[in-house]
Amino acid sequence: MRFKATETINGPIEAVFDDFSDIRRIEQELTDRGVGLERLDNDTGLVAGAAWHTVVRVKGRQRDADAQLVEVDRPRSLRLEGKSGGMLMETSFEFTEIGPQTTELEIVVNLRARSVSAKLLLSSFRLARSRMVRGMRKRVAKSARACEARLRTSRQGARRGSAG
């Protein structure tokens, strides 16, 4: 099962990539939302091989999941792979420069079931597909607007710093 969301972000590709790959901020945001998160590697920052163990609630049940950053191609792409029980997940972030101050972000999530229980869960996702896609698109749009706000704030701070 495949989910896709695309957003246009006002910001240069390098700055947008850096914002969406700010591991420390993302880890903090997930923890603040109640996701149990444990870094499994040597906390090496944004490199292929970075790995996490998470505890999340899905459809009312607590589920353990492992995720690993498998590809980093700054400033073009990031790719994560994860596993929770019999469910395999691949998430890719593709950044495309469409102007000097404009970046398109495409996020694609692929889910595959490897067990009977995961197949049942995936079939329930299929029934709610349109709602799930709508929710994903809203979250990606919200993240894009938050990125733009952080970029504006950092540019304003840089201007004030150079004015003095």
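Predicted model: local features only at pLDDT ≥ 70, side-chain atom pairs only at ≥ 80, totals over all residues.
1. Let's start with the order of elements. Read along the sequence, this chain follows the pattern β-α-α-β-β-β-β-β-β-α-α, with four helices and seven strands in total. Helices (H or I, at least four residues) and strands (E, at least two) are DSSP runs, numbered from the N terminus.

2. Residues are numbered from 1 along each chain as its sequence is written, and side-chain values use heavy atoms, leaving out hydrogens and water.

3. Now find the sheet. Its seven strands form an open sheet in the order β1-β7-β6-β5-β4-β3-β2, with antiparallel pairing. Two strands pair if DSSP finds at least two bridges between them. At the edges sit β1 and β2 (36–39), each of which pairs on one side only. On average, neighbouring strands of this sheet are turned by 20° against each other, direction ignored. For angles, axes are lines fitted to C-alpha atoms, for helices over the stretch in contact, and the values run from 0 to 180 degrees between N-to-C directions.

4. Two helices pack on this sheet. Helix α1 (residues 13–20) touches β1, β4, β5 (77–84), β6 (87–99) and β7 (102–113), and its direction makes about 155° with that of β6. Helix α2 (residues 23–32) touches β2 and β3, and its direction makes about 150° with that of β2. Contact here means heavy atoms within 4.5 Å.

5. Stay with α2 for a moment. In this helix I23, R25 and E27 are buried; buried means under 20% relative accessible area, exposed over 50% and partly exposed in between, with a 1.4 Å probe and protein chains only. Just after α2, G34 takes a positive phi of about 90°.

6. Strands β3 (residues 51–58) and β4 (residues 61–73) run antiparallel, paired over eight bridges, and T54 has A65 in β4 as its bridge partner. Eight bridges also join β5 to the antiparallel β6; there, L80 is partnered by T91 in β6. T91 in turn stands opposite V109 in β7, and β6 and β7 pair in the antiparallel sense over 12 bridges.

7. Where does M1 sit? M1 lies in the segment before β1 (2–10). M1 counts as buried because its relative accessibility is 17%. Not counting residues up to four places away in sequence, M1 touches V109, N110, L111, L122, F125, R126 and R129. The C-alpha atoms of M1 and A113 are separated by 9.1 Å, although these residues are 112 apart along the chain.

8. Finally, the chain as a whole. Its C-alpha trace spans about 60 × 35 × 25 Å along the principal axes. Buried residues make up 37% of its 164 residues. Among contacts between residues at least 6 apart in sequence, 48% join residues at least 24 apart.
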